[in-house]
Amino acid sequence: MIRQDFHRVDPKRRANLDPRKKQFASSAFKQQDYPHRLNFYDVPPTAEITLEQFEQWAIDRLKILAEIEACSYRNKTAAETATHITPLLQKFLPLSSNTSSSSGAADARLSNERQKDHYSHFILRLAFSATEDLRRRFVRAETMLFRFRFQQDDSKEKRAFIESLNLEWEPVGDEEKRKMAENLVSATLGLRRVDDETWYKVDWEKVPELVERRSVFVARGKAYVPGREQLSMIIAEFTARLERALELTSRALPRLDEDDRLTPILNHLSKNFGSAESVYSESEGVVDGAPITASNIDRLSNHFPLCMRSLHMNLRKNNHLKHFGRLQYTLFLKGIGLSLEECILFWRQSFKGFTDDEFNSRYKYNIRHAYGDVGGDVNRRGRGYLPYSCQKILGDSNTGAGQTHGCPYRHYSVDNLIGLLQSTGVHDKEVLRGVREDVDRTRYHIACNRVFEWAHKTEIKKVKEDGSWNQTDLDTIVHPNTYFKRSYLLKQVGKAPQNA
């Protein structure tokens, strides 16, 4: 009978480790250098950072990845995507070249930028390793980001980075090149002579993009790749390494379950991959000087996103909303700048079927509580609840028969959604077809942004042409209050964007 424990180590023969040496041993890669702007993220970071840095760096990178994914969903060209994300990268995840560093202060800035890029990648790698869908989306977005940076990099620095990778690319010798000259030339568009290119031999599985485009000659399992297609080989290698790393990370994730500091942050990040939800600022939806009063809500509702406009329409139709609908709408109105007194007046006028005593006893306290005028722990500082983000509304599980809150793009049937959009003036067949496709693919925030861009296409074109708004003022909307503020300002073209 064969013993199954032959590989076990005899306890008496185990090495005796000094716990003091083990405890205070230095990390192998604690102080890391970043000689190149580009990074394959092969070496995990080990230096200490604060929890605030851990979360904020991840959020900043998530904003970039979400915008890249949004550009892909909208079928933007490479040039349009570059125009869109370049200012966002400068704002949230700058990454300077070595040539930009000429002083001690510049060196420190460059090192800090590369450290943030390195750490934020690995933090999100932890957050998005849990499921196959998250891993796939993360690889796709990270690959697109790497491709963009590679194309923008200085040729000298790019060459130094490639040499540092020690990739297993087998150069094609002169004799083999002459033997295959006819096949190599015919497989390479625009090439006249085989000697005009440097050729490499790689396993064909490493360059699927080139094989799919029929841009390379394949023989005996090897793809003969011209130097001009170096980008495709680099991208394929980056993707393959990241996919393998994510698989390993997914196996190690259970070890983090008991860490009550990191697990909540990682869960929050993974749930918000779809919309890159950021920390909401109380002034985010407020428009300075806008007439936000109870009597103006009907007129202002033309600027509301569909979730809030639907609530408003139901309120006007039924003179009543149920609890969750009232809370969602109240917080939104609070976020656009409606004062507590005006909000109480708005609801009192809307609930026409109730006496003053009934309104005061049933509903007034909840309005005051939402504003932080009364209440316990949540309202200790007198601020109340924050307006709901798109991700919060999308994740609401209390929607059902008789309820009117939630996100129409997610919680309505497609036919009811299309009918609601048409009732608000959206009749463009191409837009409605796009919304159907977005909803079918669970791209709810993209559907909402699609409708916004159609409704404001004239104004968006104008502010782009006259340069009065930056590209970052028109990034993907992930909060209903941002939707209102941007719509209101665009319809009054000429006003400053005020960080819309």
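In the predicted model, Cys307 has a relative accessible area of 10% and is therefore classed as buried, the cut-off being under 20%. Cys307 belongs to helix α13, which spans residues 306-318. Apart from neighbours within four places in sequence, the contacts of Cys307 are with Gln328, Ile393, Gly406, Pro408 and Pro480.

Cys307 is one of four cysteines that the unreviewed UniProt entry annotates as "binding site"; the annotation also covers Cys390, Cys407 and Cys448. These positions are spread over 142 residues of sequence, yet they cluster in space, with a largest C-alpha distance of 10.0 Å. Cys307, Cys390, Cys407 and Cys448 also contribute to the lining of the largest cavity in the model.

Cys448 is located in helix α21, residues 444-455. The relative accessibility of Cys448 is 14%, and because this is under 20%, the residue counts as buried. When neighbours within four places in sequence are left aside, Cys448 is in contact with Tyr409 and Tyr483.

Helix α21, which carries Cys448, also packs against helix α22 (residues 457-466): the two axes come within 4 Å and cross at roughly 75°. On the α21 side the contact is formed by Phe452, Glu453, Trp454 and Ala455, and on the α22 side by Lys457, Glu459 and Ile460. By class, the residues of this contact comprise four nonpolar and three charged, with no polar residue.

The backbone of Thr442 has a positive phi, near 60°, in a residue other than glycine. Most residues other than glycine have a negative phi. A positive phi, near 55°, is likewise found at Tyr41, a residue other than glycine. Tyr41 is part of the loop that connects α1 (19-23) and α2 (51-73). With a relative accessible area of 5%, Tyr41 falls under the 20% cut-off and is therefore buried.

Helix α13, in which Cys307 is placed, also contains Asn314. Is Asn314 buried or exposed? At a relative accessibility of 19%, Asn314 is buried, because the value is under 20%. Beyond residues up to four places away in sequence, Asn314 touches Asn319, His320, Leu321 and Thr404. The C-alpha atoms of Asn314 and Gly325 are 9.8 Å apart in space, for a separation of 11 residues in sequence.

For the chain as a whole, the secondary structure consists of 23 helices and four strands. Of the 500 residues in the chain, 49% are buried. Among contacts with a sequence separation of 6 or more, 67% are between residues 24 or more positions apart.

Technical notes
Residues are numbered from 1 along each chain as its sequence is written. This is a predicted model: local features need pLDDT of at least 70, side-chain atom pairs count only at pLDDT 80 or more; totals for chains, interfaces and linings use all residues. Side-chain values use heavy atoms; hydrogens and water are left out. UniProt positions are given in the numbering used here, feature names are shortened, and annotations may be inferred rather than shown by experiment. On a 1 Å grid over the protein atoms alone, a cavity is a set of points where a 1.4 Å probe fits but cannot get out, and a pocket is an open set with protein on both sides within 12 Å along at least five of seven lines; lining residues have an atom within 4 Å of a point. Helices (H or I, at least four residues) and strands (E, at least two) are DSSP runs, numbered from the N terminus. Buried means under 20% relative accessible area, exposed over 50%, partly exposed in between (1.4 Å probe, protein chains only). Contact means heavy atoms within 4.5 Å. Axes are lines fitted to C-alpha atoms, for helices over the stretch in contact, and angles run from 0 to 180 degrees between N-to-C directions. Ala, Val, Leu, Ile, Met, Phe, Trp, Tyr, Cys and Pro count as nonpolar, Asp, Glu, Lys and Arg as charged, and the others, Gly among them, as polar.
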